[in-house]
Amino acid sequence: MNQMLQEPEVQSPPQTVEMSHVPDVPERPPAPMHPRFVKPQRIAFVQSSWHRDVVEECRIAFLEEIEARHITRAQVDLFEVPGSFEIPLHAQLLAKTRRYTAIVAAGLVVDGGIYRHEFVADTVIKALMDVQLKTEVPVFSAVLTPQQFHESAVHHDFFRKHFVIKGIEVAEACANTLHSLERLRGQVAAGIGG
């Protein structure tokens, strides 16, 4: 039979609280320390202009987070294309320049009633994957396809906030992948690979 041992309750004397004493505000935890890169990094950020006011929140959050991860704003080149459908070709041409160590795509694909937005989203994501596999330049997607998007202030506000989260997440994924690839390429160059 298992029994839990319990400490006997100890009654502490009542404490008086002074109204003039304000409790100490806890300090914020220190910002996380992110590793630095061995080699310089350069990123292309390709954004669709369709629903620019929503999608730009991703770019703004991405730039703030990537700087916290030791890639300065000056190391990120910004490109804008009309819509998400145009992002993959732009990404492929940028990857072929060999100027960029990563490419980030941001866009919003909504159901416009004329075509199935799932078709556009699937096509864009598959094409971005093809670009990274053919060029060995990592491509990150913040191209979103919401189930419901209506031209209303509530939806615009919701998705603006959601794109902030996606901007932070894509910056984290980008930096972590670049660190991983930097280590892997160093191992391959040293002949350590399996």
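Seven salt bridges are counted in the predicted model, a salt bridge being a side-chain nitrogen of Lys or Arg within 4 Å of a carboxyl oxygen of Asp or Glu. The model is a prediction, in which local features need pLDDT of at least 70 and side-chain atom pairs count only at pLDDT 80 or more, whereas totals for chains, interfaces and linings use all residues. Residues are numbered from 1 along each chain as its sequence is written, and side-chain values use heavy atoms, with hydrogens and water left out.

One of the salt bridges joins the side chains of Arg99 and Asp77, at 3.4 Å from N to O. This pair links distant parts of the chain, 22 residues apart: Arg99 is in the loop between helix H2 (87–96) and S3, and Asp77 is in strand S2. Helices (H or I, at least four residues) and strands (E, at least two) are DSSP runs numbered from the N terminus. Asp77 is buried at 16% relative accessible area, while Arg99 is partly exposed at 47%; buried means under 20% relative accessible area, exposed over 50%, and partly exposed in between, with a 1.4 Å probe and protein chains only. Arg42, Asp77 and Arg99 are linked in a network of salt bridges.

Two further salt bridges lie within helices. Asp130 and Lys126 meet at 3.1 Å, N to O; they are separated by about one helical turn because they are four residues apart in helix H3 (residues 117–135). Asp130 is partly exposed at 27% relative accessibility, and Lys126 is exposed at 54%. In helix H4, Glu169 and Lys166 are three residues apart, about one turn of the helix, and their closest N and O atoms are 2.9 Å apart. Glu169 is partly exposed with a relative accessible area of 38%, as is Lys166 with 23%.

Glu182, in helix H4 (residues 153–189), is buried yet has no salt bridge, the nearest side chain of opposite charge being Arg183 at 6.9 Å. For charge, Lys and Arg count as positive and Asp and Glu as negative, while His and the chain ends are not counted. A polar atom of the Glu182 side chain lies 2.9 Å from the backbone nitrogen of Lys39. Leaving aside residues up to four places away in sequence, Glu182 touches Phe37, Val38, Lys39 and Gln41, contact meaning heavy atoms within 4.5 Å. Helix H4 also holds Asp157, whose C-alpha atom is separated by 8.0 Å from that of Val54, 103 residues apart along the chain.

The protein chain has four helices and four strands, which run β-α-β-α-β-α-β-α from the N terminus on. The four strands form an open sheet with the order S2-S1-S3-S4 and parallel pairing; two strands pair if DSSP finds at least two bridges between them. Strands S2 (76–81) and S4 (139–144) are the edge strands, each pairing on one side only. Strand S1 (residues 43–48) is joined to strand S3 (residues 102–108) by five bridges, and Gln47 has Ala106 in S3 as its bridge partner. Helix H1 (residues 52–68) packs on the sheet, touching S1, S2, S3 and S4, and its direction makes about 165° with that of S1. Axes are lines fitted to C-alpha atoms, for helices over the stretch in contact, and angles run from 0 to 180 degrees between N-to-C directions.

Key: Polar contact = N/O pair within 3.5 Å; in protein donor to acceptor, adjacent residues only side chain to side chain.
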